[in-house]
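Biologist: Could you please show me the model that we are to discuss?
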Amino acid sequence: PKHPLRIQPIFVGGHDFVQVGTNDSVVAKQWNDFIGFTPDNNSSDLGWVTVNHEMIEANPAIGDGGGMTAFKIKLVGDSIQVVKQTLADGRSGKFMNVKFDGTGNTGMNCGGIISPDGRIWTAEEWWQGNNAAIYAGGAGFTDTTDFTIGNNTGISWANGQTIKRHQNLNWMVEIDPINAQAIRKQYNWGRQPFEGGAIAADNKTVYLGQD
C-alpha cells in the first residue's frame, strides 16, 4: 500500500541562495539544526520558518560565525510553497539571511526556543573560552576586538559594558523572523553552551538547557 507520509524538500543549506542585501544573494550556510515557526495571523499564509546553521565560518557576506535563514511559507493544495517577500531593509526574495551584525554576530547556532506566541530564540552552543579559538587562524571570527554592549538591553549590569569578543558568544539570541534581524542577545538569561530551551504556557517561565 502507498505510504501516507510525503517528504518535500523546501530549503537546503549550502545549496539555496539567501538574500544578504538589495539585489544581493549568496549561498546559505550549512549544518541545518533547529527549525522554528512563527504563525502569520494576518493573512492566509502559514507563517515564517527559521533554520539554524550550526557552524563557525568566516563569511563577509553573511557574517562571521554561525548563521540563520528565515523564509515564509503558504499551503497550495497539499504542497508547501515559499512566499517571495520584500523586507523593510529592501531585501527581496524567498530565503533571507538573518542579520546578526547589530549584536556582534553569532556562533554555532544549535537549538533554540519557540515561545507560545511565536517568538524565536537561537542558541549559541559550543563553549568559547578565548579569542584565539574563535579566530581559528582566520577561518572563524576575523574581528576579535573587544565588543561593547549597547545601552538598550534593559539590564543595568550589561548596558554599555565592554567585553572580550569570545565573551559575546554562548548566549540565547532573540530574532525577528519577519524582518530577518537579530533583536538582542539575552544577557539576563546567562552565558553557557546552550543547546535549547522552552517557554511555559504562561509565557513567562523559561527553561534553559546546555549541551
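Predicted model: local features only at pLDDT ≥ 70, side-chain atom pairs only at ≥ 80, totals over all residues.

Biologist: How many residues of strand E5 are buried?
Modeller: Nine of the 12 residues of E5 (residues 65-76) are buried, so the strand is largely enclosed by the rest of the structure. Buried means under 20% relative accessible area, exposed over 50%, and partly exposed in between (1.4 Å probe, protein chains only). Strands (E, at least two residues) and helices (H or I, at least four) are DSSP runs, numbered from the N terminus.

Biologist: In what sense do E4 and E5 pair?
Modeller: Strand E4 (residues 47-57) and E5 pair in the antiparallel sense over eight bridges; two strands pair if DSSP finds at least two bridges between them. Gly-65 in E5 is the bridge partner of Glu-57.

Biologist: How many bridges join E5 to E6?
Modeller: Five bridges join E5 to strand E6 (residues 79-83), and the two run antiparallel. Ile-73 stands opposite Val-82 in E6. E5 and E6 form a hairpin with two residues between them, and Gly-77 in the turn has a positive phi of about 65°.

Biologist: To change topic, is Asn-97 buried or exposed?
Modeller: Asn-97 is buried, with a relative accessible area of 3%. Asn-97 lies in strand E9, where it is the bridge partner of Thr-69.

Biologist: Which residues is Asn-97 in contact with?
Modeller: Leaving aside neighbours within four places in sequence, its contacts (heavy atoms within 4.5 Å) include Val-18, Ile-62, Met-68 and Ala-180.

How values were computed. Residues numbered from 1 in each chain as written. Heavy atoms only, no water.
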